Amino acid sequence: EIIETRREELYRGIEDLFEDHEGKHHLVLRPLIFVNAKDQADPEIEVLKKTITELTFDHPCWGERMPNACVPLELEIAELVAEGKQIMSLAEVKELNAISEVSVLSPEQLTDFLQFHHSLGKIVYFDTPLLRDNVIISPLLMVEVMRSFITDIAFWPKKGLIRNTFERMSGSGIIQRKDLYLIWQQKHFSKISPYKEFIFDMLIHLDILSEQRRYDITTGSRLPVENFFVPCMLTQRNDTRFMTHECTPEKAISLAFVFKGTIIPPALPNRLISACLSMWTVKTYEEKQLLFSGFVGLSFDKAHDIVVCVEGNKILLYIIHVASNGLIVPDIATGIKECMYTTLERISEFYKSTVSSSSQKLPFHIEYACSRLECHISEEAAFTTDEWICEEHKIVHTKDKWNIWNQDQTKEQCEGDCPGLHEGALNQMPSDIELQRFASACDETTIRELAIHLGMTFKAWDELQRNNPDYIQIVKYRILINWREKCSGRFINIANALTEMKITTHMLCQVKRIRKRQCDISEEYLDLIPTDEILDELAQVIGVVSFQLGIELGLPITSLDTIQYNNGRNLVAQCKDILFQWREDQRVKPTIGVLVQALVNIERGASCLGEIIKTVGVKKYIPHEKKEKEGKVKTLLKRFNLFQKRKK
């Protein structure tokens, strides 16, 4: 009897609640509808129907022309969904299309059909190597998949193995493949189980899961993946001393991705953290993995660490050097910033409607932190202001402070205001890769003269030349390696020698740089492991730079010496051994992306690899041992089936 009064009270309450919320424009508050579930003749049901119909007609896509040719296949799929089918193989979709009595779509039209209906949310289809063989025709299945393991404690089993899995996952954020498969064996998730491998790969593609990288402490080799991270299930906050003891103003630099709303939807940073875990290795500190709710610490290399954490409407990025922030390599900082930016850009596409009213602009902007890592200045202001004094500490910052985040990775030469290598960098011992890059950038005469300035003898040079008569690049590289081992050589020694020779020391800056990889290879292929066919083809076009490629890929020089000795002057065989050994080495995941970067670094370029991939395609790489095991299983199954037939 007081419906109208109550309606107005609730309306005002909702208005007040969402007064400053960015998503207010998504709410349909008028009319506020009450439905009496006890009254079948309740007139407000008709109001509800009318409101939904009007909203439908107001949709931007309403009234657009649609191709009639797609309708028969759409109806066939809808009928299968009504019968309870949720996933079809791509082959089944093609067959369903082929037997249509009304119209048959061409292969190109069928691809357009799948992508269009995916964009509408009617199906789920990703045209990537691991996922393109199946189509989820009932997207509600993904709701079941998500709630099977991303769920509140109230819905966990009371005891047993599955309960243990949930407890471990909420504490450490880790789940194993077999644990998830066990969850899907439960009766109410039985529809997922037949497609468990496909669904698992999709969860990785969507950044819901990410693999935990682990390495053998003795050999440094990458161990098989057993554990997967589920960042969105973490509840524990960071309770370590890492931020106060390691992420200090003396060791770190920072920037912030600032979102326009007052908060960030939790799904966005969770997906970002998952994406970061797929790119870099989670760091361990004080015997704890640095993975917590809204926080992750990562190892980039032996000298650089990365921290990503959420504070209010900011996602903070820190890059930390083990000794001093003056030793942070600018190209590394630039590369990490760009990688984070493009990842956030990709993820934001899913959540634009929640964090911003604009569908055109990105919902975030970049702000750089002051020297104390606390005050921030917008990127736009940073590059239009010659000097900036931070509010809290009154420290003066000049415009060139932000250059570390914005290196031009395509430039071969240093900027005019480049100060050269920092003192800490000059006192470092050059790595194999750095010496290879330096040797490749200099001609034979320069390296020979430099070696003499560094204390090596003409005899040592002549001996290397006799042993490698056709490979002057190897001679240049080996003389520097021998000097480093004999004299415990450091960059400062090379810099002093170059000064004596009246050669610019900025050559050493280039050694520390990371070249920006540019290739026509699709992003979806870069994280895949190259197959035998790809490596066989590539080995035939590398030529005389195979030794340099091996160094860039991280193979020990002793292994390269053995490969060279075993294969003599057969360059193709040498290169093939180098590529296959790199793929088996597993110190890092041997992906096509890693191979592209190595080819760019030795100035061979990645176009040759791109052409090979266009020709032979990219398939999922399966190690030989696994192939043999699968082959044996198939053989046993065939024998068993034959036995059953004979028995009948």
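D305 sits in strand β12 (residues 304-311) of a predicted model in which local features need pLDDT of at least 70, side-chain atom pairs count only at pLDDT 80 or more, and totals for chains, interfaces and linings use all residues. Residues are numbered from 1 along each chain as its sequence is written, and side-chain values use heavy atoms, with hydrogens and water left out. Helices (H or I, at least four residues) and strands (E, at least two) are DSSP runs numbered from the N terminus. With a relative accessible area of 11%, D305 is buried; buried means under 20%, exposed over 50%, and partly exposed in between, for a 1.4 Å probe and protein chains only. Beyond its neighbours within four places in sequence, D305 is in contact with K283, L298, S299, F300, Y318, I319 and I320, contact meaning heavy atoms within 4.5 Å.

Stepping back to the whole chain, the secondary structure comprises 28 helices and 17 strands. Of the 648 residues, 42% count as buried. Among contacts between residues at least 6 apart in sequence, 65% join residues at least 24 apart.

Salt bridges come next, each defined as a side-chain nitrogen of Lys or Arg within 4 Å of a carboxyl oxygen of Asp or Glu. By this rule the count is 27. One of these salt bridges pairs D179 with R168 at 2.6 Å, N to O. Since D179 belongs to helix α8 (residues 177-184) and R168 to helix α7 (residues 161-172), the pair ties together parts eleven residues apart in sequence. D179 is buried, at 10% relative accessible area, while R168 is partly exposed at 36%.

A salt bridge also links E379 and K337, whose closest N and O atoms are 2.9 Å apart. E379 lies in helix α13 (residues 379-382) and K337 in helix α12 (residues 330-355), so this pair ties together parts 42 residues apart in sequence. Here E379 is partly exposed at 24% relative accessibility, whereas K337 is buried at 8%.

The side chains of D532 and R583 likewise meet in a salt bridge, at 2.5 Å, N to O. D532 is in helix α22 (residues 532-539) and R583 in helix α25 (residues 571-585), so the parts tied together are 51 residues apart in sequence. R583 is buried, with a relative accessible area of 1%. Elsewhere, salt bridges that share partners join E4, R7 and E44 into one network.
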